[in-house]
2 protein chains.
Amino acid sequence: MTSFPEAFESFALKILSPDLSDAAHLRFQALARQVALEKDRSLDFDGNSSQLIFVGQGATKLVAHASEARDQIVAFHFGGEVFSVPEQDNYSYSVCALRDCSLLTFPADDFLDLAASEAGILRHLLDNTTGSLRRCREKTIALGRKTAAERVAVFLLAMSERIGMEQDGTVLLELPMSRRDIAESLGLTIETVSRQLSLLREAGVIETTGRSGIVLREMEMLKARAGYLRDAA
Amino acid sequence: MTSFPEAFESFALKILSPDLSDAAHLRFQALARQVALEKDRSLDFDGNSSQLIFVGQGATKLVAHASEARDQIVAFHFGGEVFSVPEQDNYSYSVCALRDCSLLTFPADDFLDLAASEAGILRHLLDNTTGSLRRCREKTIALGRKTAAERVAVFLLAMSERIGMEQDGTVLLELPMSRRDIAESLGLTIETVSRQLSLLREAGVIETTGRSGIVLREMEMLKARAGYLRDAA
DNA sequence: CGCTTTTTTGAATCTGATCAAGACAGGTGG
DNA sequence: CCACCTGTCTTGATCAGATTCAAAAAAGCG
């Protein structure tokens with residue numbers, strides 16, 4: 001387990017301005033709570049305050065609880081990313097570890113008060129939030145207008161961008177999430193996800209090894225199945 | 001039509017710091033492009049740059065084009081709001097007026113460069129973006145896990161919060177968007193939206209007057225149909 | 001190697017989409 | 001001011017894709 005100062009330093013390096021005064025640096029550090037979250041463990045919040053989460057190491061899912069047995073995964077976040085957990089509104093949210101994680105959490109209000117005059121930090125947060133918004137919008141489009149086949153293709157392409165290892169034309173994926181997680185992220189059932197992966201396998205677009213390994217063998221075919229605009233990137 | 005300086009002032013009042021120097025103020029003004037967008041007209045962008053939009057007056061929809069005849073409305077925005085239009089990635093985006101609009105547009109990169117050392121402005125943008133993200137996440141949950149009936153209820157409740165007029169227990173809505181818009185926002189078809197509204201009408205939960213008027217007569221029943229957590233706000 | 005859990009596959013069901021008319025609103029021109 | 005016309009909305013019948021229910025197969029663990 002990384003020690004607290006060490007974990008905080010990796011955060012400071014990424015997010016805080018390098019020219020921040022030592023005093024301010026310490027105030028941020030005082031605000032941070034370090035959490036070592038084991039795989040499949042989740043972090044619940046009191047619900048009255050929004051939280052800022054920095055993922056030092058590991059992989060997490062942000063889950064919204066729509067009602068009993070109806071969860072929607074709002075986003076996946078990997079090492080080095082910062083994201084915000086909304087305070088409870090119509091839904092309650094929790095953060096769950098896909099694999100062992102080292103996290104820093106901050107109450108968002110306090111953090112923003114501290115950063116009120118630190119344009120660099122705010123800019124960083126803004127960029128991060130804009131990125132989350134862009135991904136969330138893409139997810140909205142997928143959930144609103146795409147078929148099961150297209151959603152699975154979109155998911156694989158998005159994962160290949162974020163955690164894929166390229167290897168002469170093919171991409172290797174080591175998915176940290178289960179079929180259930182994929183289904184809950186795509187607004188589908190486990191069975192449908194499994195069937196769509198089987199179809200891709202039969203079509204020679206992907207290969208699967210075990211539960212978590214996937215080789216994207218035909219990236220062009222996969223893109224064609226994602227239902228994107230023909231002339232888009 | 002409001003004149004350009006006037007439109008810009010209403011923006012400056014809302015977004016820019018009151019203590020911003022006149023020189024900086026003018027630089028922001030130089031960056032702004034005013035657009036008077038008539039109802040049903042849309043603004044397309046070159047796609048290579050993200051835009052910041054300030055809605056002075058009117059109501060807009062942010063539309064993503066997934067493929068021919070498959071549009072998804074990502075968000076509605078009303079007077080006084082600021083939002084960002086992503087650069088074209090896998091989809092192309094456009095902004096369309098639901099009623100006559102007066103907008104200011106800024107290239108996001110340039111705007112952020114100008115605001116680089118203005119913590120107040122950045123904070124404002126961050127709050128706005130965080131709000132957009134929160135709404136987008138709620139939409140994700142609705143599209144991923146809710147039935148048609150629940151989605152329509154959620155839509156009506158969200159609209160009542162944003163543009164509803166309360167009147168002794170009931171809420172009056174004057175919807176600026178068509179059934180098609182509602183459908184494209186909820187990931188449903190026009191017919192399904194219409195059917196769900198008819199069901200609500202038959203159940204006495206709402207009344208409709210003409211194409212655009214809706215009276216929310218039984219807010220509690222509507223909330224119960226939205227599929228929220230029982231104990232949530 | 002045997003046990004548990006996850007994943008895959010199959011059959012039936014159901015929700016929402018599609019196809020097809022009809023009703024209505026609201027604008028236009030007589 | 002009213003009749004007409006156009007586009008929007010509503011309603012109905014059928015269809016398809018995804019869910020649900022059920023069971024077999026595979027993966028990963030001790």
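Predicted model: local features only at pLDDT ≥ 70, side-chain atom pairs only at ≥ 80, totals over all residues.
Visitor: What percentage of the atoms of DNA strand D that come within 4 Å of the protein is sugar and phosphate?
Guide: The atoms counted here are those of DNA strand D that come within 4 Å of the protein. Of these atoms, sugar and phosphate account for 66%.

Visitor: Which side chain has an N or O atom 3.1 Å from a base nitrogen of DNA strand D?
Guide: Some polar contacts go to phosphate oxygens of DNA strand D, with R179(B) placing a polar side-chain atom at 2.8 Å and S194(B) a side-chain N or O atom at 2.9 Å. The distance of 3.1 Å to a base nitrogen, by contrast, belongs to the side chain of E191(A).

Visitor: Which element gives the most to the surface near DNA strand D?
Guide: The elements that each supply at least two residues of this surface are α7 (190–202) of chain A together with α6 (179–186) and α7 (190–202) of chain B. By class, the residues of the surface divide into two nonpolar, eight polar and nine charged. The element that gives the most, with five residues, is α7(B).

Visitor: What is the area buried between chain A and chain B?
Guide: On the side of chain A, 56 residues are in contact with 54 residues of chain B. Carbon and sulfur atoms give 59% of the buried area, whose total is about 4900 Å².

Visitor: Which residue of chain A forms a salt bridge with E150(B)?
Guide: Across the interface of chain A and chain B there are three salt bridges, and the residue pairs in polar contact between the two chains number 19, counting pairs with both residues at pLDDT 80 or more. In the salt bridge of E150(B), the closest N and O atoms are 2.9 Å apart, and the partner is R70(A).

Visitor: Where does the largest share of the side of chain A that touches chain B come from?
Guide: Elements that give two or more residues to this side include the strands β3 (51–67) and β4 (70–78) and the helices α4 (119–145) and α5 (148–163) of chain A. The largest share, 20 residues, comes from α4(A).

Conventions
Residues numbered from 1 in each chain as written. Chains lettered and ligands numbered in written order. Heavy atoms only, no water. Near = heavy atom within 4 Å. Polar contact = N/O pair within 3.5 Å; in protein donor to acceptor, adjacent residues only side chain to side chain. Helix = DSSP H or I, 4+ residues; strand = E, 2+ residues; numbered from the N terminus. Nonpolar A, V, L, I, M, F, W, Y, C, P; charged D, E, K, R; others polar. Contact = heavy atoms within 4.5 Å. Buried area = accessible area lost by both parts, 1.4 Å probe. Salt bridge = Lys/Arg side-chain N within 4 Å of Asp/Glu carboxyl O.
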